[in-house]
Amino acid sequence: MQQVSAELQEQLQALGINPSDDVFRTGSEEYDHNGLSSPIPQEVRFLNAELRRCPVEGVGVVLALFSGSGAVYEFVRTLRKCIYGKVKHAVRLQMTPNGTFVRTHFEVAIKVMSKVRKLTLWMVIIEEGNLQENPLVELAAQQYLSIPGHENVLTLCLHDADFIYAVLPFCNGGELFSVVESGGAMEEAECRHWFTQVLAGLSYLQSRYICHRDMSLENVLLDGDTSKQIYRNQVPFNGFSADIWSTGVMLFIMVTGAPPFERPDDADPRFQMIAQGLMSDMLDSWGMDHVSPSVRDLLSNMLIVDDPSRRLTVEQIAMHPWIQGG
């Protein structure tokens, strides 16, 4: 157990929590089939937690999660189901001098995952068709990205005998996809507002030598005014250029309100036009005269098919005239 401050020790004692600090191996390989090492640690550090019922002033007795970090969270509602658990909306509780609790305005999302196996290594393996995911690897990546610290990155992993709890920032604005789905094509100024934030997040990932590999409008969550399929990724796989491709597809949908193609293969006529460098002609044929030459140029240099290494880098995109406001 890492040393804690006297203030935290006093807080934990008041809450009746005996903290423990546990490290679980993810079971992932340190090196890939090419012998390249991953920057993501092969372990996740957890603090202990326990579910208890506690009195909240003006509310009554509620079910809350008491953590070894000293934080207490009240579960409010289920936000969504995921492939290995549920994501719940929670608020942080503050203990009063008389031993009851009051709600604060600090909101989080907590991903709750069942421990379906208890082996030498704590691991949850999800198999769905050909899909196989290990959420401990995801948590290890999040912990790696949270050092030295980032406001939109997970910093707290908890567990008890039955569940793993991942405490995440709460974004109340929904998915960026929903904005496009309900409103259609955005004005370019609005596109730029959201896209530059996506670009900043992608830049942070790449600065830590991490590729996302699942960039999409559905995976961008919005918090007020802030945001929080890959083709030809053969071996050797360049995850950075793959993320540029996917991000270019996102920008295309934001600007036009429609996907650039049905499927990324040579049988798709729209994909053929993009592969041949005729994306601007395709937009003209759609009657999209409002799409500016500047953003067309940016998209054309992100959605390069034949040679992924020719796609713009994150740094080059950030310096593109359209991103700069023109």
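User: In this predicted model, which residues of H8 are buried, and against which helices do they pack?
Analyst: In the predicted model, the buried residues of H8 are Ser294, Val295, Arg296, Leu298, Leu299 and Met302.

User: Are H5 and H8 roughly parallel or roughly antiparallel?
Analyst: The axes of helix H5 (residues 239–256) and helix H8 (residues 293–302) come within 9 Å and cross at roughly 150°. Because angles over 145 degrees count as roughly antiparallel, that crossing makes H5 and H8 roughly antiparallel.

User: Is the crossing of H5 and H8 left-handed or right-handed, and what classes of residue make the contact?
Analyst: The crossing of H5 and H8 is left-handed. On the H5 side the contact is made by Ile244, Trp245, Thr247, Gly248, Leu251, Phe252 and Val255, and on the H8 side by Val295, Leu298, Leu299 and Met302. Sorted by class, this contact of H5 with H8 has nine nonpolar, two polar and no charged residues.

User: How do H4 and H5 pack, roughly parallel or roughly antiparallel?
Analyst: H4 and H5 have axes 11 Å apart and pack at an angle of about 170°. Since an angle over 145 degrees counts as roughly antiparallel, H4 is placed relative to H5 as roughly antiparallel.

User: How many nonpolar, polar and charged residues are in the contact of H4 with H5?
Analyst: From H4, the residues Cys191, Trp194, Phe195, Val198, Leu202 and Gln206 meet Phe240, Asp243, Ile244, Thr247, Met250, Leu251, Met254 and Val255 in H5. Divided by class, the residues of the contact of H4 with H5 are eleven nonpolar, two polar and one charged.

User: How many residues of H2 are buried, and which are they?
Analyst: Helix H2 (residues 135–145) is mostly covered, with eight of its eleven residues buried. The buried residues of H2 are Pro135, Leu136, Leu139, Ala140, Ala141, Gln143, Tyr144 and Leu145.

User: In the hairpin of E3 and E4, which residue takes a positive phi?
Analyst: Strand E3 (residues 60–67) and strand E4 (residues 72–82) run antiparallel and are joined by three bridges, and the bridge partner of Ala64 in E4 is Glu74. The hairpin of E3 and E4 has four residues between the strands, and the residue with a positive phi, near 95°, is Gly70.

User: Which residue in E5 is the bridge partner of Arg77?
Analyst: A hairpin joins E4 to E5 through two residues. E4 and strand E5 (residues 85–95) run antiparallel and are joined by nine bridges. In E5, the residue bridged to Arg77 is His89.

Methods: Residues are numbered from 1 along each chain as its sequence is written. This is a predicted model: local features need pLDDT of at least 70, side-chain atom pairs count only at pLDDT 80 or more; totals for chains, interfaces and linings use all residues. Side-chain values use heavy atoms; hydrogens and water are left out. Axes are lines fitted to C-alpha atoms, for helices over the stretch in contact, and angles run from 0 to 180 degrees between N-to-C directions. Angles under 35 degrees count as roughly parallel, over 145 as roughly antiparallel, 65 to 115 as roughly perpendicular and the rest as oblique. A crossing is left-handed if the near helix is turned anticlockwise from the far one by less than a right angle, and right-handed if clockwise. Contact means heavy atoms within 4.5 Å. Ala, Val, Leu, Ile, Met, Phe, Trp, Tyr, Cys and Pro count as nonpolar, Asp, Glu, Lys and Arg as charged, and the others, Gly among them, as polar. Buried means under 20% relative accessible area, exposed over 50%, partly exposed in between (1.4 Å probe, protein chains only). Two strands pair if DSSP finds at least two bridges between them.
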